[in-house]
Amino acid sequence: MASSASGPSSSTSSSSSANNLRILVERNPPESKLSELNIKCWPKWGCPPGKFQLKFDAEETCYLVKGKVKVYPRGSSSSSAASSSDDQFVEFGAGDLVIIPKGLSCTWDVSVAVDKYYKFESSSS
């Protein structure tokens with residue numbers, strides 16, 4: 001529970017804006033960090049290839065043991081005329097440590113079956 005903030009974990013804007021819900025991906029974190037987080041004691045979850053609609057009611061930190069995913073945040077720019085709206089996705093896979101923000105609604109496009117360790121933040125609100 002040592003909170004050494006290594007990124008923008010809390011922002012001053014309201015949580016209603018989907019544009020501020022950023023997925024953070026750390027590629028191939030060092031073994032020392034994985035040990036420090038005690039990842040092997042976290043619950044495991046897996047899914048086959050496919051598309052899944054997900055909503056995160058709490059911040060999730062996960063470490064992918066295997067798999068490959070493209071995550072498309074819902075409503076990221078659906079109301080704007082930006083032609084890049086289809087291009088807005090975050091891709092991650094085996095060996096990545098990922099932080100998914102609370103309040104994010106998204107589609108997971110799983111191209112390679114996922115096996116991951118995960119943990120939800122138990123923030124007292």
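Two strands are taken to pair if DSSP finds at least two bridges between them. Helices (H or I, at least four residues) and strands (E, at least two) are DSSP runs, numbered from the N terminus. On this basis, Glu60 stands opposite Ile100 in strand 6. The structure is a predicted model, in which local features need pLDDT of at least 70 and side-chain atom pairs count only at pLDDT 80 or more, while totals for chains, interfaces and linings use all residues. Residues are numbered from 1 along each chain as its sequence is written, and side-chain values use heavy atoms, with hydrogens and water left out.

Confidence was considered next. The mean pLDDT (the predictor's confidence in each residue, from 0 to 100) of the protein chain is 82, and 73% of its residues reach 70 or more. Over residues 1-18, pLDDT stays under 50. For this segment the model has 3 contacts beyond four places in sequence, a contact being heavy atoms within 4.5 Å. Residues 77-85 also have pLDDT under 50 throughout, with 2 contacts beyond four places in sequence. Where pLDDT is low, the predicted coordinates should not be read in detail.

The strand pairing can be described from strand 7 (105-120). Strand 4 (60-73) pairs with strand 7 in the antiparallel sense over 12 bridges. Within this pairing, Thr61 has Lys119 of strand 7 as its bridge partner, and Pro73 stands opposite Cys106 in strand 7. Strand 3 (residues 50-55) is joined to strand 7 by 6 bridges, and the two run antiparallel; here Leu54 has Cys106 as its bridge partner. Strand 2 (residues 44-47) is likewise antiparallel to strand 7, with 4 bridges between them, and Gly46 has Asp115 as its partner.

In the latter pairing, the bridge partner of Val69 is Phe92.

Val69 and Phe92 also belong to the largest nonpolar core. A nonpolar core is a set of buried Ala, Val, Leu, Ile, Met, Phe, Trp, Tyr and Cys residues joined through side-chain atoms within 4.5 Å; buried means under 20% relative accessible area, exposed over 50%, and partly exposed in between (1.4 Å probe, protein chains only). The largest core holds 16 residues, of which Val69, Phe92, Ile100 and Trp108 touch the most other members. Apart from it lies another core of 6 residues, including Leu34, Trp42, Leu97 and Tyr117. In soluble globular proteins, nonpolar side chains tend to be buried together. Leaving aside neighbours within four places in sequence, Val69 is in contact with Leu64, Val90, Glu91, Phe92, Trp108, Asp109, Val110 and Val114.

A search of the whole structure finds 7 salt bridges, each defined as a side-chain nitrogen of Lys or Arg within 4 Å of a carboxyl oxygen of Asp or Glu. One of these is formed by Arg27 and Asp96, with the closest N and O atoms 2.7 Å apart. This pair links distant parts of the chain, since Arg27 lies in strand 1 (residues 24-27) and Asp96 in strand 6, 69 residues apart. Asp96 counts as buried, at 4% relative accessibility.

A polar atom of the Asp96 side chain lies 2.9 Å from the backbone nitrogen of Gly93. Not counting residues up to four places away in sequence, Asp96 touches Val25, Glu26, Arg27, Asn28, Cys62, Tyr63 and Leu64.

Two other salt bridges involve lysine. The side chains of Lys68 and Glu91 form one, with the closest N and O atoms 3.8 Å apart. The pair links distant parts of the chain, Lys68 being in strand 4 and Glu91 in strand 5, 23 residues apart. Lys68 counts as partly exposed at 37% relative accessibility, and Glu91 also counts as partly exposed, at 29%. The side chains of Lys55 and Asp57 likewise meet in a salt bridge (3.8 Å, N to O). Asp57 is exposed, with a relative accessible area of 59%. Side chains of opposite charge can pair when their charged atoms come close.

Methods:
A polar contact is a pair of N or O atoms within 3.5 Å; within protein, one must be able to donate a hydrogen and the other to accept it, and residues adjacent in sequence count only if both atoms are side-chain atoms.
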